Amino acid sequence: MEEVCEGKEFSFPRQEENVLSFWSQIDAFKTQLKRTENLPEYIFYDGPPFATGLPHYGHILAGTIKDIVTRYQSMTGHHVTRRFGWDCHGLPVENEIDRKLDIKRRDQVIQMGIDKYNEECRSIVTRYVTEWEKVITRTGRWIDFSNDYKTMDLTYMESVWWVFAQLFEKNLVYKGFKVMPYSTGCKTPLSNFEAGENYKEVPDPEIYVTFPIIGDQDNAAFVAWTTTPWTLPSNLALCVNAKMVYLKVRSKSNGKVYVVAESRLSALPADKPKANLSGDAKKANPKAKGAKPDSAADSYEVLEKFKGDSLVGKKYEPLFEYFNDFASEAFRVVADDYVTDSSGTGIVHCAPAFGEDDYRVCLQNAIIKKGEGLVVAVDDDGSFTERITHFSGRYVKDADKDIIEAVKAKGRLVKSGSFTHSYPFCWRSDTPLIYRAVPSWFVRVEQLKEQLLTNNEETHWVPSYVKEKRFHNWLENARDWAVSRSRFWGTPLPIWISDDGEEVVVMDSVEKLEKLSGVKVFDLHRHNIDHITIPSSRGKEFGVLRRVEDVFDCWFESGSMPYAYIHYPFENRELFENNFPGDFVAEGLDQTRGWFYTLMVLSTALFGKPAFSNLICNGLVLAEDGKKMSKKLRNYPPPLEVIDEYGADAVRLYLVNSPVVRAEPLRFKKEGVLGVVKDVFLPWYNAYRFLVQNAKRLEIEGSGPFVPTDLATLQSSNVLDQWIHSATQSLVHFVRQEMDGYRLYTVVPYLLKFLDNLTNIYVRFNRKRLKGRTGEDDCHTALSTLYNVLLTSCKVMTPFTPFFTETLYQNLRKVKKGSEESIHYCSFPQEEGMREERIEQSVTRMMTIIDLARNIRERHRLPLKTPLKEIILVHPDAEFLNDITGKLREYVLEELNVRSLVPCNDILKYASLKAEPDFSVLGKRLGKSMGLVAKQVKEMSQQDILRFEKAGEVTIAEHKLELTDIKIVKVFKLPDGLTDKEIDAAGDGDVLVVLDLRADESLYESGVAREIVNRIQKLRKKSGLEPTDFVEVYFESLDKEESVSQQVLNSQEQYIRGSIGSPLLLSTLMPSHAVIISEESFQDVSKLSFKITLARPALKFNEEAIIALYSGDVKFASGLQTYLLSRDTSNLKSEFQAGDGKVTVSCIEKFPAVTLVLGEHLHLTVCDYFLSKRNA
């Protein structure tokens, strides 16, 4: 393996760019597809975005989810075709062209020519394709841009025609009116989904209007409330709630009689006190300054009370005369549950052309008829038609004030005002929407409702509540779908109709159109087919059939994607029919009413099946301030800027490890991405670097290149080797299980915990073994274990972090023969061997013990460098105590700097027990018995509690309670004669940790040794040394009395040597030719002062023995030493090894040849010299 740089010098973004170059060089994505082409298909549908805007974090999030799932499926033995798609039609494109060409009205497009307009649209749809490819590729997503699909392609549009033709054949298509959100700015209806994109707080008028009841003995009038006065000229009915109670009341001030809901009487104007009443109209005004009106209840006399159903059928006088031709069916009261008493008067005025409920209720009550006969008195520009004679040509919103004045002039205005509310605006033109009945072609969705609900049950959604609540409710209330739009740039409806409307032909293919028309078709857009006519099958005298002008709603096109992107049924029949429904889709929460819905509707209508089997629904990515990300506000950092700073893998992991994968909103914070780098990638990289450094060290020290023992044959008696191997198998098991369930949000936290355990437990606790301080064989076992764990975890993480895992793998594979060229060609790991759940649990408990003991130290401000005498573990389970005090004992003692570990299974020796009922669990279950049970639980004795813990259940007041019903609290009990400054404890409800905090002089020397080691390690770091850089460390006492420091060095020699990796040498041993790297003096460290010197390893000469080689000639001896000091030490070492400890020097001119014996004439390092003398 090649050496790697320090973490702070490692650039994640630059390395990712290197990986991109490597993938490009080996054509990785196409190669992976080629290698898997004979494996089972995994069908993924990629929802097409518009290419008229740049990708944002929402796209990156959805793309990351898709990439993770499809990479995982590829690694688990599937062939996964991934083709990018583009939504090319619809309002977003037209709106840009309208702005560019300053088009305000529909007739301007006709004057310009649909051909020129559509070609302008075509020219911009792929404007940002290059930028999209750049961003998507940089995020690490593998998807085919060269073989993409576009909704404007002839093949795609032809399949859309086929889909519609199938629905027409099934009698699921009809023409009618639908009240829809309508943009007067874009002159087109919007889907409900689009209408919800842009709400604003705006003021609107509110008025209360009377509708006199025909034939009422008291001359009473219904009072209705509206915030859209412009709809009043089109009123055809009033609607009440049959179940609500209504009142007939008389005003005490003017004698007028009104009918309103009892609960809405307060909506009527209240009178001023009688004292203020006079003939002066201004003084009688209840809104006059200084007046205090009575309540509505005081202002009106109740004449009659009745249920709403008794009002049904009553006729009233219309407000205007514009619809008098409907008088026989209209101007009567109907009832429906949509009327509530949350606002208004409990009586709703209905204008069926301008309200969805109004239209439905009037249709159900035969005030209007289904079909094409509805009168819509507002034109495409939002202006009144000639029918509304007094306001003809006026824009409806502008006419509100004059309509209110007209109502007032008729004496029909009860009250008027203004209120601010949330109102929908067009998401493109930013003009207020109106609800308007538009002629449209419909798909009978209501007829499919039961099948849709059944098919929804067959799908798997993550998170499930989106399917079970949001989507289920949307399907439950599904309405017939208006699939046509009166626009220009889109897939034209394939309907040809005769002039008399009697003959209708629907095209299901280009071939059929060419055959019936005799015209060669090369493109299906309006300007290329609108002129094509078809001779009537009834004969020439019936003329020709012409295409209807409408185009498809672009949601119909995207809903046809599973068929159209592969040109089904004209091509790929076998591929489609063998793999439908598709396996997986993923988009944002907003698509529950968009793409997910249209996919489900069309697949149900065509095949009686859902379009997909599995779905991941993500939430919205918001700016840091919680607002929608906005280019205008610049309230978010550009995606590529963040990627160039921290890397795409960090962005991917940040997004996927957030609430947004559970369909909840995420406030994007750049600092969060940095946190992922710090908390995940740097520790992970450091664990990998530690492996590489120590493998290289083995190589340098003469063991040859590191070759890891294969996982299948690796045997180790070390408990942490066994633990990390088992934890790795648990990781593989868990990730497979959760990825198969599409639960990405559970996978990432588990992966992060595993990496934390790898770096902070396995590597940290095994540093000595990994550095070779416990013998070469043990070192090789530990390094092999770490290698296999890193390799396996990299493969597990590959779908999530494709760049970083590739980087590590490319180095790791160099020591393993037969490795794949890229990690992305590897199979996802299988579980190998049994998982040791008990070992995993014991290590988890060990870490809990260490954390609890650290908490005690922090409470008492006792640093880890201060050795303590004893730790006591209190737990009833003997097996648990045996694990901790056996195999794991040395790790606990070393990590906590404690001399002895004492197990205790007698809980009552160090704790008193208290039983507390869990009210949150028991409250609902026990009801009135809760008080009695709680009292008896709290009265349980110590022995009662112990028996309960052992049995797992207890019966109290005839109620059986289990371990989850009662909380057992362990309260530390101070041993007799000791204070809480001398002994303290901490627990987690399972284990109790007791620490003896008393100072012990016998521990002084080990404490000083830790301080010395700490200063050496800090000096190494300060000097910029790598952990694998070997230096010789010298100690010089600065105290007058050196005996104390000498005693510490002698007694703690083994600990110091194990910690710094070499003996601590006295400064008197330092040769004059030693190269000093750095040195530092330390004062009053545990009452000692000393100097530490770090030096390069230096040759140690036996001068007397060398002089003897030259028969006492000092000049020759000095020359030989100078020559040896000029040599490279590693080469010199190799020569001694080759010569079995001997080297003959004969190359020095005029010097006699001499043979040097290692250990007799010189040592290669002062450490070697020291150890040889000590051993002797």
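**View 1. Strand 29 shows a covered and an uncovered face.** In strand 29 (residues 911-917), Ala911, Leu913, Ala915 and Pro917 make up the covered face, while Ser912, Lys914 and Glu916 lie on the uncovered one. Strands here are DSSP E runs of at least two residues, and helices are H or I runs of at least four, numbered from the N terminus. Strand 29 runs antiparallel to strand 32 (residues 966-972), and 7 bridges join them; two strands pair if DSSP finds at least two bridges between them. Look for Pro917, whose bridge partner in strand 32 is Ile966. This is a predicted model, in which local features need pLDDT of at least 70 and side-chain atom pairs count only at pLDDT 80 or more, while totals for chains, interfaces and linings use all residues. Residues are numbered from 1 along each chain as its sequence is written, and side-chain values use heavy atoms, with hydrogens and water left out.

**View 2. Helix 37 packs with helix 39.** The axes of helix 37 (residues 1004-1022) and helix 39 (residues 1053-1060) are 10 Å apart and meet at an angle of about 25°. Axes are lines fitted to C-alpha atoms, for helices over the stretch in contact, with angles from 0 to 180 degrees between N-to-C directions. The two helices are therefore roughly parallel to each other, a label for angles under 35 degrees. Ala1009, Arg1010, Val1013, Ile1016 and Gln1017 of helix 37 meet Tyr1055, Ile1056, Ser1059 and Ile1060 of helix 39, where contact means heavy atoms within 4.5 Å.

View 3. Helix 37 lies across strand 35, strand 36, strand 37 and strand 38, and runs at about 40° to strand 38. The open sheet has 4 strands in the order 36-35-38-37, with mixed pairing. Strand 36 (1064-1066) and strand 37 (1076-1085) stand at the edges with a single partner strand each, so one side of each has no neighbour in the sheet. On average, neighbouring strands of this sheet are turned by 30° against each other, direction ignored. Strand 35 (residues 1032-1037) pairs with strand 38 (residues 1088-1095) over 6 bridges in the antiparallel sense, and Glu1036 has Lys1091 of strand 38 as its bridge partner.

**View 4. Strand 9 is mostly covered.** What share of strand 9 (residues 257-261) is buried? The count is 5 of its 5 residues, with buried meaning under 20% relative accessible area, exposed over 50% and partly exposed in between (1.4 Å probe, protein chains only). Strand 6 (residues 221-226) runs parallel to strand 9 and is joined to it by 2 bridges, with Ala221 opposite Tyr258. Strand 8 (residues 245-251) pairs with strand 9 in the antiparallel sense over 5 bridges, and here Lys248 stands opposite Val259. The hairpin of strand 8 and strand 9 has 5 residues between the strands, and Gly255 takes a positive phi near 80°.

**View 5. Asp550 sits in a loop.** The loop holding Asp550 is the one between strand 21 (544-547) and strand 22 (551-552). Asp550 counts as buried because its relative accessibility is 14%. Neighbours within four places in sequence aside, Asp550 is in contact with Trp441, Ser484, Arg485, Ser486, Pro492 and Leu493.

Definitions and conventions
Angles under 35 degrees count as roughly parallel, over 145 as roughly antiparallel, 65 to 115 as roughly perpendicular and the rest as oblique.
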